[in-house]
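Work through these exercises with the model open. Try each task before reading its solution.

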Amino acid sequence: MSSEPVLTLADLESWSWPGTALAVLGHPIQHSISPPMHNAALAAAAERDARFGDWRYFRFDIPPDDLPHALELLHAKRFRGVNLTVPHKVLAFDRMAAIDPAARPVGAVNTLAWEPDGWRGFNTDGYGLSTAVRESLKLELAGTAIVLVGAGGAARGAAVECLQRGCSSLWIANRSRGNLEALFGVLVPLATGFPLHGFTLPRIPAELPRDTLVINATSAGLRASDAAPLDLGRLPRAAAVFDMIYNPPETRLLRQAAFLGIPHANGLGMLVHQGARALEIWSGIPATESAPVMTVAVQAALLSA
Ligand code: NDP
């Protein structure tokens, strides 16, 4: 999927690469298309500005127990920036020297920037979501009634983004009550006086408004055999459907949206825009400049998978 080799903690311990290094850490990591996405944007930037000629993005398979040591080594070896993916986004949160205020309520970081006294943690997933929704569905989270499906890490980030952007109401649907209640425990203090509602699937509340934006933040759909996490046919007509999953490119939920004539988009744009924003934090290259190059690169990476 990516021509970048999968590196390990041992590679990091003996690291002596002289250029400006960026990295993504995950476990597993071999499916990540972040390396070709970032390296394409860096190659394009280097054509315009020679300063980026020695920048390169690597990937490391780091098990959770090794994360603290890996973060120390990456800092000591002066990596300019780090992306974190499953399962590290929450685990790393307490190991930051500083946290971007917007990332604090999310309780998770996906982008770390090198600073002399340690890592500064950011979360660019919310920016990725809102930018992708605007670009692909011509919708703003602000002023929109949202049905968010899921109560895991991605749903928490999306819920905080919807609240911070000023959606008109937020309805969170989840399969299990326990995880829904845990998410509400985090969100309620952020949503004083705000119309925040929760329900467990497959029940659909009669009060659900029309013209909602449905966002799937569950992993239901990652396998071709997965059922859709909710039945769009049982909602008052949805205005649009955004599925955070991008591989496969069309989940059962998106196929149902197409069948019902509801505008819909997969999560590829979210991946691209969170990445473009991370690169902007590290390099100053405007996210809007990197995003088109990154889009072409991820489409090619998925086709060659
Ligand atoms: P988590 O494991 O933290 O959460 C999983 C969620 O999915 C839970 O709400 C869980 O419900 C629900 N779920 C799992 N299986 C099913 C099922 N068969 N039917 C209904 N609900 C189900 O995962 P994340 O929050 O980290 O990620 C969720 C999705 O978002 C993934 O597909 C991931 O790839 C995608 N994502 C995409 C990004 C992008 O850039 N496009 C960025 C981040 C995530 P329950 O609580 O009942 O177990």
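**Exercise 1. Find what share of the chain's contacts with a separation of 6 or more joins residues 24 or more positions apart.**
Step 1: take a contact as heavy atoms within 4.5 Å. Step 2: keep the pairs with a separation of 6 or more; residues 24 or more positions apart account for 71% of them.

Before going on, note the basis. This is a predicted model, where local features need pLDDT of at least 70, side-chain atom pairs count only at pLDDT 80 or more, and totals for chains, interfaces and linings use all residues. Residues are numbered from 1 along each chain as its sequence is written, and side-chain values use heavy atoms, without hydrogens and water.

**Exercise 2. Compare the radius of gyration with the globule rule.**
Step 1: apply the rule, 2.2 Å times the number of residues to the power 0.38, over C-alpha atoms. Step 2: for 305 residues a compact globule would have a value near 19 Å; the chain has 19 Å, so the two agree. Step 3: check the box along the principal axes, roughly 60 × 40 × 35 Å for the C-alpha atoms.

**Exercise 3. Describe the largest nonpolar core.**
Step 1: join buried (under 20% relative accessible area, 1.4 Å probe, protein chains only) Ala, Val, Leu, Ile, Met, Phe, Trp, Tyr and Cys residues through side-chain atoms within 4.5 Å. Step 2: the largest such core has 33 residues, and I146 and F242 are among those with the most contacts inside it. Step 3: elements supplying at least two residues each include α5 (125-137), β8 (145-149) and α6 (153-165). The most come from α6, with 6 residues. Step 4: beyond four places in sequence, the contacts of I146 include C162, L170 and L213.

Methods. Buried means under 20% relative accessible area, exposed over 50%, partly exposed in between (1.4 Å probe, protein chains only). Helices (H or I, at least four residues) and strands (E, at least two) are DSSP runs, numbered from the N terminus.
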